[in-house]
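We will go stop by stop, picking a few residues each time.

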Amino acid sequence: MGSHDTFSLLADARGGDASARSELLDALRARLVLWCASRMSPALRAKIEPEDLAQETLIAIHRDLDGFDGRERAAFYAWVFRIAENRIRDAADRAGADKRREREIPRPPVTTPGTSAARREAVQRLSDAIGRLPEDHRRVVCMRRFEEKSYEEIAAALGRTETAARVLYCRALKSLRAELGEES
Amino acid sequence: MKRSGGTSAFGDRMSDERRDLLLARAVEAAERHRTSGGAAPDEHPSVLGAPDEVLTDLAEILEVEAAIDHVIEPRTGARLPRRLGGWTLVAEAGRGAAGVVYEAIRRSDRRRVALKVLRAGVEHDAVARERFRREATACASVRHPNLVGFVEAGEADGLSCVAMDFVEGTTLRAAARARTLPGPADLVRRFAEVADALDALHRAGIVHRDVKPSNLVVAADGRFVLMDLGLAHLADADRLTQPGDVVGTPLYMAPERLRGAGEADARSDVWGLGATIWETVAGRPLFDATDFASLRRRLLTEDPPTLDAVAPQFPAAFRAAVMKSLARAPEARHPTAAAFRDAMLG
């Protein structure tokens with residue numbers, strides 16, 4: 001139900017409610033981890049964990065949240081993933097520029113209520129399964145579910161018709177289910 | 001597209017492309033249902049007449065989507081059980097245009113109910129609240145063996161709620177699919193009972209507004225129980241801002257309501273019941289369509305197919321009664337649900 005999801009926390013979070021802000025960031029975490037895992041190249045994954053990249057993104061979101069003045073859900077997620085794109089680009093640059101130095105990712109304490117072992121496992125399972133999908137399936141799942149893009153936007157990004165984008169999404173989910181079903 | 005005589009409304013020679021399109025539409029309908037309460041996936045025209053493979057694929061896809069949702073939307077996924085005012089919400093039981101229905105326990109006396117929580121964000125001004133209270137009181141006054149028992153209505157944590165008896169059973173639609181419905185003679189009697197219940201509601205001044213197969217539950221003793229009494233309009237369900245998508249399927253909505261030509265009344269409920277019965281005995285929806293726009297067009301311009309060919313095992317009087325309830329002009333229908341009941345029983 002729309003009135004209780006992650007996005008509904010935004011108003012309170014921006015209004016100064018610290019616990020809503022903390023809950024918002026925590027609620028975004030899994031989405032960002034999955035997105036990072038889907039988007040990172042194997043070379044980049046050798047240098048940095050998706051969880052760490054997601055954490056960097058959350059820090060930036062936390063820092064810039066008061067500056068975000070959109071009201072729509074679509075605008076919010078577009079903003080979130082612009083930040084994530086920047087983080088991934090920076091990380092790729094860092095990884096390219098300095099191959100030898102071990103980069104320490106700052107981990108300021110962010111309370112994570114409700115991040116149970118079961119949830120972490122669920123994220124891991126999904127992340128692994130998505131990682132095994134073919135490129136176009138991975139991309140459409142990423143854009144539709146995590147970035148919450150419209151089919152129109154997805155079609156434009158993939159160079160297909162809107163109908164083809166919808167059909168691709170269905171096929172992607174079917175293959176994802178097959179991947180999830182492969183594990184015990 | 002030529003129809004075969006088989007169970008699929010589209011015949012067996014559907015192309016892969018057609019199947020893919022149906023599936024894509026159904027998946028999208030499910031998403032709208034989840035986020036803004038549009039028609040439930042199994043009431044979307046793209047699904048109603050679809051071949052089994054599409055339904056299997058749809059189920060698999062919805063499963064994966066739920067798995068993803070559970071991970072990326074921790075609030076809605078992991079939020080139960082939770083408290084709402086004096087209620088403990090135990091499980092989600094369904095969704096509609098008006099809001100979400102939960103299985104809930106009243107903490108004061110442990111009474112188990114179906115609690116409908118009306119969608120937040122609706123204009124809950126004083127006028128709307130008063131109307132809600134008035135209608136809730138009226139509902140409370142009607143008791144009938146084929147009407148879901150009304151428990152209480154009010155506000156909990158700022159959200160309007162309606163509590164009804166929790167009825168264990170399957171929906172009429174599910175029972176029809178599983179072929180567990182009784183034979184013609186009993187079915188006629190059961191439907192007449194529902195018409196009687198509808199009449200009791202009308203005599204108390206309440207219009208149901210949402211009579212459809214998923215609002216009829218087959219209880220353990222075989223009774224058909226009508227759920228979800230006439231409170232749907234309080235959450236915009238009647239505002240047809242888009243062709244059917246946002247407010248639920250038009251398949252059980254009387255033509256005059258689809259056209260926006262009038263308020264719901266007893267005769268539009270009669271139509272809804274007629275459409276429900278037609279679909280149940282014919283084994284398929286009133287009209288084939290892949291999208292709401294064409295469904296709506298057909299409902300407004302075409303006469304429903306006669307039951308004589310598709311359900312000859314039912315008595316002639318019953319068949320005629322059902323067809324009369326589906327007259328496009330309200331004044332040509334049975335004037336009351338009681339008249340419909342009597343006509344069904346011949």
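How many helices and strands are there in chain B? Chain B has 13 helices and nine strands. Both words refer to DSSP runs: helices are H or I with at least four residues, strands are E with at least two, and numbering starts from the N terminus.

Before you click, two notes. This is a predicted model, where local features need pLDDT of at least 70 and side-chain atom pairs count only at pLDDT 80 or more, while totals for chains, interfaces and linings use all residues. Residues are numbered from 1 along each chain as its sequence is written, chains are lettered from A and ligands numbered from 1 in the order in which they are written.

**Stop 1: chain B as a whole**

Select chain B. Of its 346 residues, 46% count as buried. A residue is buried if 20 or more other C-beta atoms lie within 10 Å of its own, exposed if 12 or fewer, and partly exposed in between; the C-beta atoms are placed from the backbone. Now think about contacts: two residues are in contact if their C-beta atoms, placed from the backbone, lie within 7 Å. Among contacts in chain B between residues at least 6 apart in sequence, 63% join residues at least 24 apart.

**Stop 2: a proline in chain B**

Select B:Pro45. It belongs to helix H2 of chain B, residues 45–48. Is B:Pro45 buried or exposed? B:Pro45 counts as buried because it has 29 C-beta neighbours inside 10 Å.

B:Pro45 and B:Phe287 are 242 residues apart in sequence, but their C-alpha atoms are 8.8 Å apart in space. Next, show the contacts of B:Pro45, leaving aside neighbours within four places in sequence: B:Ala289, B:Thr290, B:Asp291, B:Phe292 and B:Leu295.

**Stop 3: a buried strand**

Select strand S4 of chain B, residues 111–118. Six of its eight residues are buried, so S4(B) is largely enclosed by the rest of the structure. Strands count as a pair if DSSP finds at least two bridges between them. For one bridge, pick B:Leu115; its partner in S6(B) is B:Ala163.

**Stop 4: a sheet of three strands**

Select S7, S8 and S9 of chain B. They form an open sheet in the order S7-S8-S9, with antiparallel pairing. Which strands stand at the edges? Strand S7 (169–171) and strand S9 (224–226) do; each has a single partner strand, so one side of each is left without a neighbour in the sheet. From one strand to the next, the twist averages 35°.

Zoom in on S7(B) and S8(B), the latter being residues 216–219. Three bridges pair them in the antiparallel sense. B:Gly169 has B:Ala219 as its bridge partner in S8(B). Now show H7(B), which packs on the sheet and touches S8 and S9 of chain B. The direction of H7(B) makes about 25° with that of S9(B).

**Stop 5**

Axes are lines fitted to C-alpha atoms, for helices over the stretch in contact, and angles run from 0 to 180 degrees between N-to-C directions.

H7(B) brings B:Phe191, B:Val194, B:Ala195, B:Leu198 and B:His202, while H9(B) brings B:Ala266, B:Asp269, B:Leu273 and B:Ile277.

**Stop 6: over to chain A**

Select chain A. It holds nine helices and zero strands. Of its 184 residues, 34% count as buried.

Pick A:Ile48, in the loop between helix H3 (42–47) and helix H4 (50–64) of chain A. A:Ile48 counts as buried because it has 20 C-beta neighbours inside 10 Å. Not counting residues up to four places away in sequence, A:Ile48 touches A:Leu53, A:Ala91 and A:Ala95. A:Ile48 and A:Ala95 are 47 residues apart in sequence and 8.5 Å apart in space, C-alpha to C-alpha.
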